[in-house]
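Have a look at the sequence and the 3D view before reading on.

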Amino acid sequence: MSATQVESLIDDLASGAVEVVDLTQPLSESTPVIKLPPPFANTPGLSRTEISMYDDRGPAWAWYTLEIGEHVGTHLDAPIHWITGRDGADVASIPPASLVGPAVVIDKTAETESDPGYLLTVDDLEAFEAEHGRIPERAWVLLRTGWGSRAQDEAAFLNVGENGPVTPGPDVEASRWLATERPISGFGVETVGIDAGAAGGFDPPFPLHNLLLGAGRLGLTQLASLDKLPITGALIVVSPLKLVGGTGSPSRVLAFVPR
Ligand code: 23J
Ligand code: MN
């Protein structure tokens, strides 16, 4: 991008020709977190304790200590989150250019409404490209399902049934395709994890974690407002904490959308 294009982007932001859309869910003590079945350990959500509250401990200031898992709320999965990516990047080592790129939205809202465990297939990915063109290099592929409308209701969001969680995501072959067939930066979802709810029972278990993170690519979860994005043409910016050795991080995620 030349200096001129950055200047024109600044002008477009001022005029409203480009809108900044926040793709981040609010982060609070009530933000739902994934619940793995026994015998696996689980992550804490967010909790806060006061350091001072305009009181004896600090008369003119308020501040908190946070306790939070790395994988809470709208968050990034780094390659080292998964054993297949253990020699890959931690959060601090991710090249910043991977955190900015074209957003490509695959809309499976209708399919997810009729089947909340909807599995994205290679046929879906190929049909998407036939209609909208080849997924570009460095793209963030975002699976739009409408699931974000459940984000404030833990039971509806996690949607755990008799046979475990029922949430949408890619099947094994679509996971392999996303990890190997296109040089994408990452894959983002509205649900609690990048894999489908049923994916713990797939072969391999959690195939998108296994294959995508194993290929050095990134995951992004619990996104909001994907319905405000065009199918192509938006720019996404992902901002994780620069956690040295981090396997993931709560992130602010923004999109630049032409209006
Ligand atoms: C650990 C094991 C399985 C899953 C996850 C974490 C996540 O969803 C995550 O945030 O990476 S599915
Ligand atoms: Mn995660």
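What follows is a short tour of the ligand site and then of some charged pairs.

This is a predicted model, where local features need pLDDT of at least 70, side-chain atom pairs count only at pLDDT 80 or more, and totals for chains, interfaces and linings use all residues. Residues are numbered from 1 along each chain as its sequence is written, ligands are numbered from 1 in the order in which they are written, and side-chain values use heavy atoms, with hydrogens and water left out.

**Around the ligand**

Which residues sit around ligand 1? They are Ile34, Leu36, His71, His75, Asp77, His81, Trp82, Gly193, Phe206 and His209, each with a heavy atom within 4 Å of the ligand. This shell splits into 4 nonpolar, 5 polar and 1 charged; Asp, Glu, Lys and Arg count as charged, and Gly goes with the polar ones.

| Side chain | Distance to an oxygen atom of ligand 1 |
|---|---|
| His75 | 3.1 Å |
| Asp77 | 3.4 Å |
| His209 | 2.9 Å |

On its own, ligand 1 has 320 Å² of accessible area, and the protein covers 88% of that (Shrake-Rupley method, 1.4 Å probe).

**Charged pairs**

Side chains of opposite charge can pair when their charged atoms come close. The whole structure holds 11 salt bridges (a side-chain nitrogen of Lys or Arg within 4 Å of a carboxyl oxygen of Asp or Glu). Arg57 takes part in one with Glu50, at 2.8 Å from N to O, and in another with Asp55, at 2.8 Å. Elsewhere, Glu129 pairs with Arg182, their closest N and O atoms being 2.8 Å apart.

Technical notes
Polar contact = N/O pair within 3.5 Å; in protein donor to acceptor, adjacent residues only side chain to side chain.
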